[in-house]
Structures are given as structure tokens and as C-alpha cells.
Amino acid sequence: MKKKVLSALLAATMVAGMLTGCGGGNTASSSAPAPSSEASKTESSAAESTAPATEEGTVLNIYCWNEEFKSRLVEHYPGYEEIDGTTGKIGDVTVKYTIVPSDDNAYQNNLDSTLLKQADAAADDKIDIFLVEADYALKYVDTEYAMAVNDLGVTEADVANQYQYTKDVVTDGNGNLKGVSWQGCPGALFYNREIAKAVWGTDDAAEIQKKVATWDDFKKAAAELEAKGYYVTSSVMDTYRTYSNNVTSKWVVDGKINIDPNIEKWAQDAKEMYDAGYTNAYELWSDDWSKGFYPEGKVFCYFGPAWFINFSMAADKEGSVGYNGGWGITEGPQGFYWGGTWICAATGTDNQTLVKDIMLQMTCNEELMTGIVKANDDFVNNKPAMEAMAADASYSSKILGGVNPLPLYVASADSIDLSNMSIYDQACNEEFQNAMKNYFEGNATYEQALELFYKAVQEKHPELTY
């Protein structure tokens with residue numbers, strides 16, 4: 001009976017997929033960086049893998065929505081051998097990736113249908129690892145389909161150096177940790193240095209921070225930028241996560257959809273800036289939105305975590321702002337986080353020893369994780385590694401003009417608060433932005449846009465009222 005109830009719950013809570021970086025980084029699905037050479041892989045790997053994979057299953061099935069996790073294994077996991085785009089080898093075990101993009105909830109739909117068949121699947125077809133993002137992690141964490149990591153042998157001592165919020169995301173109602181992540185995602189404001197100099201005569205981070213220290217300051221800066229022919233952001237949607245991460249209540253309270261005052265403030269601030277011509281209402285990840293990654297886009301800033309500058313800002317494209325090291329970094333009006341990818345072990349996996357080793361190597365091995373920072377400019381989920389790299393004068397980001405951004409990230413990572421997280425976050429975050437686009441563009445009043453939002457969420461979660 002318990003399994004039937006949980007199966008029904010999992011099926012009932014299928015919600016629309018959010019594009020983010022990191023990968024997806026929801027995450028906006030992002031193209032992974034090219035694999036590093038075998039030499040750099042060896043250099044960044046701290047120890048030989050200890051997983052006796054041949055004692056268990058012969059196929060390790062990994063379900064994900066893009067190639068980010070695969071790229072990290074290819075580059076950094078000890079002894080990993082890449083075969084082709086969807087296949088690898090670890091010892092005698094064949095690693096198979098099922099990569100389904102998040103668009104239109106395709107990844108979750110495919111994962112859900114496969115998990116429901118897990119108990120009856122042949123050994124070589126069972127899911128061993130699946131990846132989740134923060135906005136929908138609880139959907140899987142609060143079922144029996146994700147194993148508690150301590151059942152694999154991953155202990156509290158093993159994850160002691162991970163940032164607490166990354167553990168909170170994947171902790172179930174009984175206090176069981178159901179996943180681990182190699183990355184942390186504290187956010188920052190990335191600003192175009194040339195635009196800053198053109199408008200204010202300086203691109204010094206401390207001076208720019210004074211211009212954007214509060215949302216009132218941010219709006220004043222937007223007016224000054226607009227007067228010189230620049231947009232403060234590419235879209236009103238760029239600021240959404242900064243507001244939504246600073247709410248004081250959950251999206252749903254006692255079964256009723258709830259609009260937090262900070263969410264409402266975003267809508268009103270965004271409308272004000274859109275009407276003033278300070279920004280646009282482009283959808284995130286669209287071609288129009290991406291124009292600001294190039295000088296001709298005339299966009300002053302974007303908001304994002306470490307994965308954003310590597311996966312989303314066209315930094316590998318000649319002529320982009322990032323390619324020429326043209327972005328600066330500062331705190332912005334409010335601290336926030338965005339995205340992240342968590343590794344979950346599927347109940348029923350026949351590769352528990354190997355899954356455990358992957359979790360330990362990729363999320364607990366300080367030397368290996370330091371290698372990820374150096375090779376990929378990622379912010380990893382290991383406090384000692386990040387504190388050491390933040391203090392390392394030899395480390396810098398080419399995209400950020402030779403600045404070491406890690407001290408800023410480290411300072412904010414411990415303050416991330418997920419106490420208002422819920423299983424409804426993905427649907428509500430997506431649909432609120434979708435509905436408010438009508439308000440911003442003058443196609444609906446605020447009240448009419450709210451009604452569109454409520455109905456859209458109810459379609460995904462009929463059990464909710466408003």
C-alpha cells in the first residue's frame with residue numbers, strides 16, 4: 001500500500017520543467033564545457049577510485065537533463081573512460097546516460113515514468129543515479145524513490161564540509177539526506193565594465209556596488225544608464241531570483257496559494273522599470289535576452305551564480321563581453337542563490353558501491369573538488385576548498401577581467417536560507433513570471449495577471465486553492 005501511495009504521489013506531482021544553469025543550472029539547460037585532457041583530469045583527481053564496481057551491476061544508468069554532470073565525471077572522476085556522447089566506462093562497468101532536456105517538463109516526465117517501473121526493471125535497465133534541481137528536489141526526496149545516502153554508507157562526517165543549504169535542499173521530512181551536490185550556487189551581479197566606465201567613469205567593484213546597493217539605488221542607476229542609451233538588465237526576469245530568494249513565507253500556506261510581499265514587490269518594481277524603458281520583458285534564455293552578452297546588446301548587468309558566467313554568457317564566443325574579460329562582479333542589492341544539481345541514488349540500484357564512490361569522490365574529495373574550481377571555474381560544495389581558493393592570489397577568472405570572485409561567493413554561501421522552500425516552487429516561480437509578462441507588456445492588469453497565475457498553477461496542482 002505504501003508503494004502505491006508514493007507512486008500516486010510521484011505521478012501526481014509532475015510539474016513543468018524549469019530551465020536553469022548549472023546545469024541547467026533549471027536550470028537553463030546549458031552546453032557542457034569540452035572535456036579536459038587526460039593530463040588535467042589526472043592532475044585534478046585526488047585519489048584512485050576505490051569502488052569495486054564489478055562486484056555489483058555491470059551497467060550504471062544515469063538520468064539527467066544535460067551534459068554538465070557527465071562532463072564533470074569525464075574530466076575529474078578517477079579512472080573514468082569516455083566511450084562516446086552517451087557512454088563511458090568505470091572499470092568493468094558501462095556507464096550509460098539518458099539525457100532528456102528539461103523543456104516542457106520532458107526530463108521529469110521521462111524520469112517519473114521510469115522510476116515507477118524501477119522495481120520490475122531488468123538489472124541493466126534500472127536507474128542507478130538521477131539528478132534533480134532545487135525547485136523540484138522535494139518531489140523526489142519525499143518519496144521512497146530516492147535512497148538515503150547513509151544507506152549507501154555516506155556518513156555525516158563525509159559531508160561535514162558541505163554547505164548546509166545544499167544538504168537542506170535534499171533532506172526529507174524525517175531528516176534523511178537523500179542526495180549530494182558537487183556545487184554551491186550563491187549569486188552575484190555581473191556588470192559590463194565598459195558600460196560602467198562610459199556612464200560613471202569607473203568599473204571599480206566597490207564604486208559600482210554603491211550604485212546598486214539597494215533596489216532604490218538600482219532604479220536610480222537604471223535611469224542614469226537609460227539616459228546614456230543602455231539597459232540596466234536585458235529583461236525584468238533577470239532580477240526575479242534575487243527577490244524570490246528573499247521571501248518570508250512559502251508559496252503555499254495551508255493549501256492556499258500565497259503571494260509573498262517580496263514577490264509582489266518584484267512585480268511592481270519590474271513594471272516600473274519596464275514602463276520607464278530601463279529594461280525589456282524577454283524570456284530568459286531567449287535569443288533577444290542573450291544579446292546583452294555582446295557589446296551591441298547594451299546591457300549593463302545580469303544576475304547569476306558561478307555556473308551562469310560559464311554556461312550562459314557566451315564567454316567562449318569571440319566578440320562577446322565575457323570572451324574579452326569584460327564583466328565585473330559585485331554583490332548587488334540582495335544576496336541570493338540560483339540553481340544547483342543534486343546527485344540522487346535510485347532505490348533499487350544494483351550499483352550501490354559505485355554510486356557511493358561517485359558521491360564521495362565528486363562531492364567530498366577536497367583535492368578533486370579544488371581541481372573542478374581550477375578547471376571549470378565552478379563554485380564547489382566544499383568549504384575548506386573554497387576558502388583556500390578564495391585566498392589564492394594565483395586564481396582568477398578571465399571572464400571577470402582577472403578578478404578572483406570566490407571571496408564574494410564564500411561570504412554569501414553560508415547565509416543562504418531555504419526555510420521557505422516547498423514542493424510547489426517550480427510551478428509557482430515559472431507561472432508567476434509567465435503571467436506577469438502580460439502585466440508588464442500592458443496586456444493585463446496586475447489583478448488579471450494574478451488570475452492567470454492562479455489558474456495556471458491550479459492546472460498543475462488541482463489540490464490548491466487561492
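My entries follow, one topic at a time.

**Ground rules**

I am working with a predicted model, where local features need pLDDT of at least 70, side-chain atom pairs count only at pLDDT 80 or more, and totals for chains, interfaces and linings use all residues. Residues are numbered from 1 along each chain as its sequence is written, and side-chain values use heavy atoms, with hydrogens and water left out.

**The open sheet**

I looked up the strand order of the open sheet of 6 strands and noted E2-E3-E4-E1-E5-E12, with mixed pairing. Strands (E, at least two residues) and helices (H or I, at least four) are DSSP runs, numbered from the N terminus. Two strands pair if DSSP finds at least two bridges between them. At the edges I found strand E2 (80–84) and strand E12 (341–345), each pairing on one side only. The twist averages 25° from one strand to the next.

I then checked E5 (residues 129–133) against E12: they are antiparallel, over 5 bridges. Val132 has Trp342 in E12 as its bridge partner. Helix H3 (residues 68–76) packs on the sheet and touches E1, E2, E4, E5 and E12. Contact means heavy atoms within 4.5 Å. The direction of H3 makes about 125° with that of E2. I noted how angles work: they run from 0 to 180 degrees between N-to-C directions, and axes are lines fitted to C-alpha atoms, for helices over the stretch in contact. Helix H4 (residues 106–115) also packs on the sheet, touching E1, E4 and E5. The direction of H4 makes about 140° with that of E1.

**Strand E10**

Is strand E10 (residues 299–304) buried or exposed? I found 6 of its 6 residues buried, so E10 is largely enclosed by the rest of the structure. Buried means under 20% relative accessible area, exposed over 50%, and partly exposed in between (1.4 Å probe, protein chains only). Strand E6 (residues 188–192) runs antiparallel to E10, joined by 4 bridges. Ala188 has Gly304 in E10 as its bridge partner. Strand E7 (residues 231–233) runs parallel to E10, with 2 bridges. There, Tyr231 stands opposite Val299.

**Two packed helices**

I looked at helix H8 (residues 193–200) and helix H10 (residues 215–227). Their axes are 10 Å apart, at an angle of about 85°. H8 and H10 are therefore roughly perpendicular (65 to 115 degrees). H8 brings Ile195, Val199 and Trp200 to the contact, and H10 brings Ala221, Glu224 and Leu225.

**Salt bridges**

How many salt bridges does the structure hold? I noted 18. A salt bridge is a side-chain nitrogen of Lys or Arg within 4 Å of a carboxyl oxygen of Asp or Glu.

- Glu194 and Lys197 form one, at 3.1 Å from N to O. They are 3 residues apart in helix H8, so about one helical turn separates them. Glu194 is exposed at 54%, and Lys197 is partly exposed at 37%.
- Lys291 pairs with Asp288, their closest N and O atoms being 3.1 Å apart. Lys291 is partly exposed at 49%, and Asp288 is partly exposed at 35%.
- Glu430 meets Lys460 at 3.5 Å, N to O. Glu430 lies in helix H19 (residues 425–440) and Lys460 in helix H20 (residues 446–460), so this pair ties together parts 30 residues apart in sequence. Glu430 and Lys460 are both buried.
- Lys219, Lys265, Asp269 and Glu272 are linked in a network of salt bridges.

Conventions
Parallel < 35°, antiparallel > 145°, perpendicular 65-115°, else oblique.
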